[in-house]
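Hi,

Here is the model I said I would pass on. Have a look at it first, and then read my notes below.

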Amino acid sequence: MGSPVVLGIESSCDETGAGLVRDGRLLGQAVASSMDEHARFGGVVPEIAARAHVHAVRPVIQRALDESGLRLGDIGAVAVTAGPGLAGALQVGLAGAKTLAYALGVPLYGVHHLAGHVAADTLEHGPLPDPCMVLIVSGGHTSLLLVRDLARDRIAHLGDTRDDAAGECFDKVARVFGLPYPGGPAIDRAAREGDPRAVPFPRPLTCSYDFSFSGLKTAAARWAERHAGRDLPVADGAASLQEAVADVLTRKAVAACREHGVGTLVVVGGVAANSRVRSLAEERCRSAGIELRVPPLRLCTDNGAMIAAVGDLLVRAEAEPAPLDLSIDPSAPLEYAALQPAASPAGALR
């Protein structure tokens, strides 16, 4: 008999996701997004996100079950994002996961959101090589990691975000350019008609593996200001900004692979869906003789399948389940895939 079916629940930001995984295979998943409700504010409003999760979590779980042809009683473990993320949003997902784990009498696993993005690739390409280099690029995080056994080993950070992450830079510059939220896809679309060499935007922080996109964001804003009263060449600005971001990300990732003798680069997170990031990573990895792994677009953005994938790895590694007084950690550092922050006595499940 194989491993149990793991239900994964993701609710760290504005997507409510549920996924079902067993033995590394995705059985079914569903996602509900509240992005349209946030668009008029130009960013995610935490209270709106939390309310949207309350309404979406049960239907999303049911849709994932329907897609897989399974029932609640077939679930053998529950994994849930315990951090990082928006506190109210995380609480909704955790409450649902605790309820199901308790009612079904199955183990509960707290999962680090970013480890979920790493594990998402395993659903498409199989087990991660040991070791591998992982570039996580999302709205709030840009990290370069050396990963061995994701379920057992500590994750080594080679570089992290010092200020604005890549996705955050896209969102903020898109607003300055008059493009809609979310900014990443809008920048990508606009860039298709532009010249990536039109604007000499800076390549920030080239001397280390850390990432800093605040200066690039400011440079793009100053460039737009210089066009006040004239038509802004948005396509050229978007293409040049996207080129600068993709150049920095892929240059550092390939250099890290070479320095550490790692033959596989895995690029994950929402910004991994960016067309120029993907194409430049392919080009540079090919030249360097490095295998590139990037999940399909549906697994790049936040989803429950990636959380279920971590839960499945933890189950198969015979990791210790989390207690039912598991609490959220909205600013959890990425050290291990599993998160088990203990609740305070007042907040413990009784």
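Before the notes, one term: contact, or packing, means heavy atoms within 4.5 Å. Helices (H or I, at least four residues) and strands (E, at least two) are DSSP runs, numbered from the N terminus. This is a predicted model, in which local features need pLDDT of at least 70 and side-chain atom pairs count only at pLDDT 80 or more, while totals for chains, interfaces and linings use all residues. Residues are numbered from 1 along each chain as its sequence is written, and side-chain values use heavy atoms, with hydrogens and water left out.

Helix 10 first. The buried residues of helix 10 pack against helix 9 (234–260), strand 9 (264–268) and strand 10. Those buried residues are V277, L280, A281, R284 and C285, where buried means under 20% relative accessible area, exposed over 50%, and partly exposed in between (1.4 Å probe, protein chains only). Looking down the axis of helix 10, the buried residues fall within an arc of 130°, so they line one face of the helix; the arc is that of the directions from the helix axis to the C-beta atoms. On the face turned away from that buried side sit the exposed residues R286 and S287. Helix 10 covers residues 275–288, 14 residues in total, and reaches 20 Å from its first C-alpha to its last, close to the 20 Å expected at 1.5 Å a residue (the expected span is 1.5 Å times one less than the number of residues).

Going through the pairs:
- Strand 7 (residues 142–147) pairs with strand 8 in the antiparallel sense over three bridges, and L144 has G159 in strand 8 as its bridge partner.
- Strand 6 (residues 132–137) and strand 9 run parallel and are joined by four bridges; L135 is bridged to V267 in strand 9.
- Strand 9 and strand 10 are parallel too, with three bridges, and L265 stands opposite L292 in strand 10.

How many of the five residues of strand 9 are buried? Five of the five, so strand 9 is largely enclosed by the rest of the structure. T264, V266 and V268 point one way from the strand, and L265 and V267 the other way.

There is another open sheet of five strands, in the order 3-2-1-4-5, and its pairing is mixed. Strand 3 (25–33) and strand 5 are at the edges with a single partner strand each, so one side of each has no neighbour in the sheet. Neighbouring strands are turned by 20° on average, direction ignored. Strand 4 and strand 5 run parallel, joined by five bridges, with A79 partnered by Y109 in strand 5. Helix 4 (residues 113–120) packs on this sheet, touching strand 1, strand 4 and strand 5, and its direction makes about 90° with that of strand 5.

Helix 3 (residues 87–104) has buried residues including A89, L90, V92 and G93. What covers its buried residues includes strand 1 (5–10), helix 2 (46–68), strand 4 (75–83) and strand 5 (108–112). After helix 3 comes G105, with a positive phi near 70°. V106 lies in the loop between helix 3 and strand 5 and counts as buried at 14% relative accessibility. V106 touches I75, G76, A77, V78 and A101, not counting residues up to four places away in sequence. The C-alpha atoms of V106 and V78 are 7.1 Å apart, though 28 residues separate them along the chain.

Last, the cysteines. The structure holds zero disulfides, a disulfide being a pair of cysteine sulfur atoms within 2.5 Å. For C132, the nearest cysteine sulfur, that of C257, is 9.0 Å away. The sulfur of C300 is 15 Å from the closest one, in C285, too far for a bond. C132 is buried at 0% relative accessible area, and C300 is buried at 0% as well.

Cheers

Definitions and conventions:
Pairing = 2+ DSSP bridges. Axes fitted to C-alpha atoms, helices over the stretch in contact; angles between N-to-C directions.
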